[in-house]
Amino acid sequence: MKKTGSPLDHMRAICLALPETKETLTWGQPHFRVGEKIFAGCGDEKGRAVIGFKLDMDHADAVIQDPRFWRAPYVGHKGWVSMDASRVDDWNEVRALIQESYRLIAPKKTVARMDAGEAAAPRAVRKTAGKKTAARKTTSHKTGRRA
């Protein structure tokens with residue numbers, strides 16, 4: 001992935017391509033969630049653009065040896081790492097780190113579907129399908145018939 005574009009543009013392209021993800025404004029900055037759990041973020045830390053994600057503790061311990069990375073404030077002891085976004089040379093390297101974070105945070109069933117190559121359904125389709133299903137269940141309950 002080329003270095004052109006803002007760090008947030010790159011983060012959106014990487015994070016929102018993963019199944020069942022969304023962007024939210026949390027603590028005044030963009031974060032990416034799978035379900036309701038944050039797996040990555042993008043924002044400002046001490047006046048510099050940063051990106052953040054969770055890594056396996058051993059991996060986090062190793063990666064912070066690189067001066068582009070440091071433990072994230074408040075949650076670094078749990079494997080969260082911040083990275084200076086201005087020092088990203090290769091967004092594919094970042095993609096691999098974000099995918100690791102996603103795998104640590106996402107429900108196991110979601111990760112299994114991703115590994116099996118299932119495409120995520122577009123959000124509008126999922127929402128509509130859920131509403132129709134709920135309506136059918138309500139109707140079938142009232143009539144005593146199975147849907």
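**A helix crossing and a pocket**

Helix H1 passes helix H3 in a right-handed crossing, meaning the near helix is turned clockwise from the far one by less than a right angle. Keep in mind that this is a predicted model, where local features need pLDDT of at least 70, side-chain atom pairs count only at pLDDT 80 or more, and totals for chains, interfaces and linings use all residues. Residues are numbered from 1 along each chain as its sequence is written, and side-chain values use heavy atoms, leaving out hydrogens and water.

H1 covers residues 7-15 and H3 residues 91-105, and the two pack at about 50° with their axes 10 Å apart. That makes H1 oblique to H3, since roughly parallel is under 35 degrees, roughly antiparallel over 145, roughly perpendicular 65 to 115, and oblique the rest. On the H1 side, Pro7, His10, Met11, Ile14 and Cys15 meet Trp91, Val94, Arg95 and Ile98 of H3, with contact meaning heavy atoms within 4.5 Å. Sorted by class, the contact has seven nonpolar residues, one polar and one charged.

Now for the largest pocket, with a volume of about 520 Å³. A pocket here is an open set of points on a 1 Å grid, probed at 1.4 Å, with protein on both sides within 12 Å along at least five of seven lines; lining residues have an atom within 4 Å of a point. Of its 22 lining residues, Trp27, His31, Ala72, Pro73 and Val75 lie nearest the centre. Strand S3 gives the largest share of the lining, seven residues.

Notes:
Axes fitted to C-alpha atoms, helices over the stretch in contact; angles between N-to-C directions. Helix = DSSP H or I, 4+ residues; strand = E, 2+ residues; numbered from the N terminus. Nonpolar A, V, L, I, M, F, W, Y, C, P; charged D, E, K, R; others polar. Points joined across faces, edges and corners; volume = space filled by probe spheres on them.
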